[in-house]
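Please read the following report alongside the sequence and the coordinates.

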Amino acid sequence: MSNLVLRKDSGRICTLTLNRPETLNALNVPLFEELRGHVDALRGQVHEVACVVITGAGKAFSAGHDLKDIQKGERPPEPHFQAKTIQALAELPQPVVACIRGHCYTGGLELALAADIIIAARSAKFGDTHSKWGLSPLWGMTQRLPRRVGLSKAKQMMFTSDIFAAEVAERMGLVDICVDDAELEQATNDLAQRIAANSTYSNQVNKGLLGATDGMTAQAGLAYELAHSPGACFDARERVASFGKK
């Protein structure tokens, strides 16, 4: 690997950092290849890693798909490799947190939308500029964005290519948590620590149930939960026994 995506483990938290700061972490094929390697490894580390954080090096999360890569005629290892990689990130059993500073545009936004929770610095900016460049989404924008912000707001973002400040994005529901820039790293770590302190198995079951029932009617979703939820998880007895004890 050429360190286009850095992995750092701290306790049971894994941080993946997009590492092309000189291009505002523009997304090219080699970066996606490294990201896919990390994601595939994490899928096999469900007991060791309780929470995954994805962020960007330098002053941006990602300015989006590397247009220079497109100009040169990019050659992914298989058709729709980038979309499949983002889907693999979204389908990780572990909760995924996207930590956003600076630009989070278009392909970068599609990558961030694969996370379960998005936390952003107040200086962060979000936008979908596919239409500006005469492109159309292939990495999930038309499905994940409206599920977060609603259909009409997704249309506004996609049709105008407007850029939205983090606090506006929070009001829209695109961002879950918005904090001062100086607090972003600590707030992200605190969030990941709270997630990791809970039952890893419970969080993974919960994420699986939520994903499997997304789009179902309430009746179908309730039936699915009854049929597929294990109820008490393997560590429930120990955790319940600790209630009231210091």
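This is a predicted model: local features need pLDDT of at least 70, side-chain atom pairs count only at pLDDT 80 or more; totals for chains, interfaces and linings use all residues.

Residues are numbered from 1 along each chain as its sequence is written, and side-chain values use heavy atoms, with hydrogens and water left out.

## Helix packing

Two packed helices are described by the angle between their axes and the distance between the axes. Helices here are DSSP runs of H or I with at least four residues, and strands are runs of E with at least two, both numbered from the N terminus. The axes are lines fitted to C-alpha atoms, for helices over the stretch in contact, and angles run from 0 to 180 degrees between N-to-C directions.

| Helix pair | Crossing angle | Axis distance |
|---|---|---|
| Helix 5 (residues 141-149) and helix 6 (residues 151-160) | roughly 125 degrees | within 7 Å |
| Helix 9 (residues 200-213) and helix 10 (residues 218-228) | about 145 degrees | 10 Å |

The axes of helix 5 and helix 6 cross at roughly 125 degrees, which makes helix 5 oblique to helix 6 (angles under 35 degrees count as roughly parallel, over 145 as roughly antiparallel, 65 to 115 as roughly perpendicular and the rest as oblique). Helix 5 passes helix 6 in a right-handed crossing, a crossing being right-handed if the near helix is turned clockwise from the far one by less than a right angle, and left-handed if anticlockwise. Contact means heavy atoms within 4.5 Å, and on the helix 5 side it involves Met 141, Thr 142, Leu 145, Pro 146 and Val 149, which face Leu 151, Lys 153, Ala 154, Met 157 and Met 158 of helix 6. These residues divide into eight nonpolar, one polar and one charged, where Ala, Val, Leu, Ile, Met, Phe, Trp, Tyr, Cys and Pro count as nonpolar, Asp, Glu, Lys and Arg as charged, and the others, Gly among them, as polar.

Helix 9 likewise passes helix 10 in a right-handed crossing. Here Leu 209, Ala 212 and Thr 213 of helix 9 meet Gly 221, Tyr 224, Glu 225 and His 228 of helix 10, and the residues of this contact divide into three nonpolar, three polar and one charged.

## Cysteines

A search of the whole structure finds zero disulfides, a disulfide being a pair of cysteine sulfur atoms within 2.5 Å. The sulfur of Cys 14 has its closest cysteine sulfur in Cys 51, at 9.3 Å, which is too far for a bond. For Cys 178 the closest cysteine sulfur is in Cys 99, at 12 Å, again too far for a bond. Cys 14 is buried at 0% relative accessibility (buried means under 20% relative accessible area, exposed over 50%, partly exposed in between, with a 1.4 Å probe and protein chains only), and Cys 178 is buried at 8%.

## The loop between strand 2 and helix 1

Arg 20 is found in the loop between strand 2 (13-18) and helix 1 (29-43), and it is buried at 11% relative accessibility. Not counting residues up to four places away in sequence, Arg 20 touches Leu 4, Asn 25, Ala 26, Asn 28, Leu 31 and Asp 66.

Most residues other than glycine have a negative phi. In this loop, however, Leu 24 has a positive phi near 55 degrees, and Asn 25 has a positive phi near 55 degrees. Leu 24 is partly exposed, with a relative accessible area of 22%, whereas Asn 25 is buried at 0%.
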